[in-house]
Amino acid sequence: MSYVMSTVVRDVLTRHNGVHLDGKAIPGSSPQLSVIINPSSSKTLCEIHYGNAADVDRAAQSARQAFDDGRWRLKAPAEKSRILLRVAELMEAHADELAELEMLDAGKLHRSAREAEVPFAAECFRYHAGWCTKIEGSTKQMSLAPMGSFHVYTQREPIGVVGLIVPSNGPLVQASWKLAPALAAGCCCVIKPDEKTPLSTLRLAELMTEAGIPDGVVNLVTGSGTEVGAAMVSHPAIAKISFTGSTDTGKSIGNVALRDMKKLTLELGGKSPVIILRDANLEQAIPGAAEAIFSNAGQICVAGSRLYVEAPVYQEVIEGIISYAENLVVGPAHEAASTMGPLISETHLASVLRAVTSAREQGAKVATGGKPLHEGAGYFMTPTVIQDVQASMPLVQEEIFGPVLAVSKITDLQEGLSLGNDSQFGLAASIWTENLSKAHQFANAIRAGLVWINCHGIPDMAVPFGGYKQSGWGRENGYEGLLGFTELKSVVCKL
């Protein structure tokens, strides 16, 4: 089916703006035009003058001035709430446009973008609008001083200017769930979308200005992580970095941030285990485990990429997931019939295919998939199920970030827990069982920041999100995520 771009989106693509500074869209300072590619077709969407370190400096200084003069920080909480609600309303009013942009540069299935991604991104602002009026401290009683001799209290204050670095796999949602809590806390922001997927975030910045976010409070700079991202992390005016991406990059950010003692929230890699026990409802568990890995072509940080199945149901489960994989329709994100879209880039597709080849060479069995599709017309591969894997294989230990499932047979829950915890990562996990006791034993023993029982990958703004071990520092979402954009001050007054 041929795709006809909407007029409003065509207008966005022709603006060629890579920076949003002081409420205005302007070209970035990079002398060369950078190409934005549609991963469904491998064709050029548009060319943008990306920003550079000089643009980061301008954006950070603008945000610092906005923070210092209080144009956002000192607004009445109810007024901040009203403006964030207006952002949500505008996102919903422009949902068709935002979904199309998300489809074009991020390869999101249009149905998924329109019915899930955009509504959830709007909900990020609506949810955090409610917190604006509820950021509170508490009164304290000193333990050594006589009663009534001191008045002691704490208060929460915005941390300052924050740098927000967003990945390519969920550009609009990831931008929203960083911007919304930062703004609710009273911070000013410099945001960098991934260089491959800036379009929906650039449009969001315009909508935020329309909603009433004061100029300078949110500035956006597109560009590479090596230049723009690095400049943000090292900029003295930026007090905190919130980064979502790879563990290796997160470690590099940590090393640089240490110089200025910048605060950090790092949502990093994952290799999430999924366990199916013999008493599970297989009619739910089989498609649930398949969706956990094949949604968005496996490009999800919480993707259930390691599957452990109890022996009595192993064959039924593996056959069911293979059938599910082989019945997926892999195709362009704009086609209604497509049920799995492209990988984000030619480079990433090659990386995922290399991981499959390596696993096969080490003795693993590719039960289905593992091949490229539509060569030369987008970055597609067949959904892949791999058996006979060993726990030490890179396929099992490293984040592949593609539609590749490693499946192992286990004898009982304890073996599943041992294998599930045998990872440098600890982002998420799920278990499928009708035994409530075993479900909670698993939740208690698995070393992961987010655990699902009889489901996988269910997001909600009220639920804190983040990982153990090398899956990151801190939490996003919920009140806990909001507090990450604040400093806690204690005040002691002698009466």
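Mentor: In helix H8 (residues 225-234), the buried residues are Val228, Gly229, Ala231, Met232 and Val233. This is a predicted model, in which local features need pLDDT of at least 70, side-chain atom pairs count only at pLDDT 80 or more, and totals for chains, interfaces and linings use all residues. Residues are numbered from 1 along each chain as its sequence is written, and side-chain values use heavy atoms, with hydrogens and water left out.

Trainee: How are the words "buried" and "helix" to be read?

Mentor: Buried means under 20% relative accessible area, with a 1.4 Å probe and protein chains only. Helices (H or I, at least four residues) and strands (E, at least two) are DSSP runs, numbered from the N terminus.

Trainee: Against which elements do the buried residues of H8 pack?

Mentor: They pack against helices H2 (53-69) and H9 (247-260), and against strands E7 (161-165), E8 (188-192), E9 (218-221) and E10 (240-244).

Trainee: How should I read a sheet?

Mentor: Two strands pair if DSSP finds at least two bridges between them. Here, seven strands form an open sheet with mixed pairing, in the order E14-E17-E18-E13-E12-E20-E21. Its edge strands, E14 (365-368) and E21 (450-453), each pair on one side only. Strand E20 (residues 428-432) pairs with E21 in the parallel sense over four bridges, and Ile431 stands opposite Ile453 in E21.

Trainee: Where does Asn477 lie, and is it buried or exposed?

Mentor: Asn477 lies in the loop between strand E23 (472-473) and helix H16 (478-483). Asn477 is buried because its relative accessible area is 3%.

How values were computed. Buried < 20%, exposed > 50% of the residue type's maximum accessible area, 1.4 Å probe, protein only. Contact = heavy atoms within 4.5 Å.
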